Amino acid sequence: SDRSTNRANLMQMYSFTEQMRSLGRVPETTILEFSEISADANLADRMRVRQGDRLFKLKRLRSADDIPMMVERSYLPMRKFLSLKRPLLESKPLYEIIEHDFHEKIRVAEEEFFASIARTADAHLLGINEGAPVLDLVRTTFNMSNEIVEYTLSVARADQFKYRVVHQRMP
């Protein structure tokens with residue numbers, strides 16, 4: 001069957017909120033932390049900023065149908081989102097805020113994921129046993145100028161997530 005009509009939608013499915021809604025589930029986000037931090041050496045390297053640059057740190061618990069699904073720790077360069085406040089984050093999805101409120105058009109989000117085991121703090125938040133299987137995800141989101149606008153480390157319950165990748169041979 002012709003899959004070309006679905007390709008754009010599949011490629012754009014990087015929003016937890018959109019993904020859960022497309023599956024007929026009710027998404028919910030609980031903000032656990034919203035703070036300003038200085039980029040350490042690791043974050044500076046990952047986000048292409050200078051060590052010490054100011055970042056927003058956003059820690060969220062993502063649920064669907066009242067089931068904890070994922071813990072996300074997102075980092076945003078403050079210089080791009082100076083007026084960002086918690087009430088805005090509580091009112092709509094992050095990518096909607098990035099694109100509509102701050103006019104940072106997202107070009108691509110690169111994501112890698114790998115099997116891991118739940119560490120104590122994440123296991124507690126996800127309602128699973130310490131050492132239970134999880135998926136660790138690392139996502140880097142770029143704007144149209146190829147600048148990083150978001151870097152997110154996520155821990156997802158392995159019993160609730162399934163990723164599907166379609167490989168297509170180009171002519």
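This report covers the fold, dimensions, surface and confidence of one predicted chain. As the model is predicted, local features need pLDDT of at least 70 and side-chain atom pairs pLDDT 80 or more, while totals for chains, interfaces and linings use all residues. Residues are numbered from 1 along each chain as its sequence is written, and side-chain values use heavy atoms, without hydrogens or water.

The chain holds 6 helices and 6 strands. Both are DSSP runs, numbered from the N terminus: H or I of at least four residues for helices, E of at least two for strands. Their order along the sequence is α-α-β-α-β-β-α-α-β-α-β-β.

The radius of gyration agrees with a compact globule of 171 residues. It is taken over C-alpha atoms, and the globule rule is 2.2 Å times the number of residues to the power 0.38.

| Dimension | Value |
|---|---|
| Radius of gyration, chain | 17 Å |
| C-alpha box along the principal axes | roughly 50 × 45 × 30 Å |

Buried residues (under 20% relative accessible area, 1.4 Å probe, protein chains only) make up 40% of the 171 residues. Contacts are heavy atoms within 4.5 Å. Of those with a separation of 6 or more, 55% join residues 24 or more positions apart.

Confidence comes as pLDDT, on a scale from 0 to 100 for each residue. Its mean is 88, and 91% of residues reach 70 or more. Residues 1–13 fall below 50; beyond near neighbours in sequence, this stretch has 6 contacts in the model. Where pLDDT is low, the predicted coordinates should not be read in detail.

Key
Buried means under 20% relative accessible area, exposed over 50%, partly exposed in between (1.4 Å probe, protein chains only). pLDDT is the predictor's confidence in each residue, from 0 to 100.
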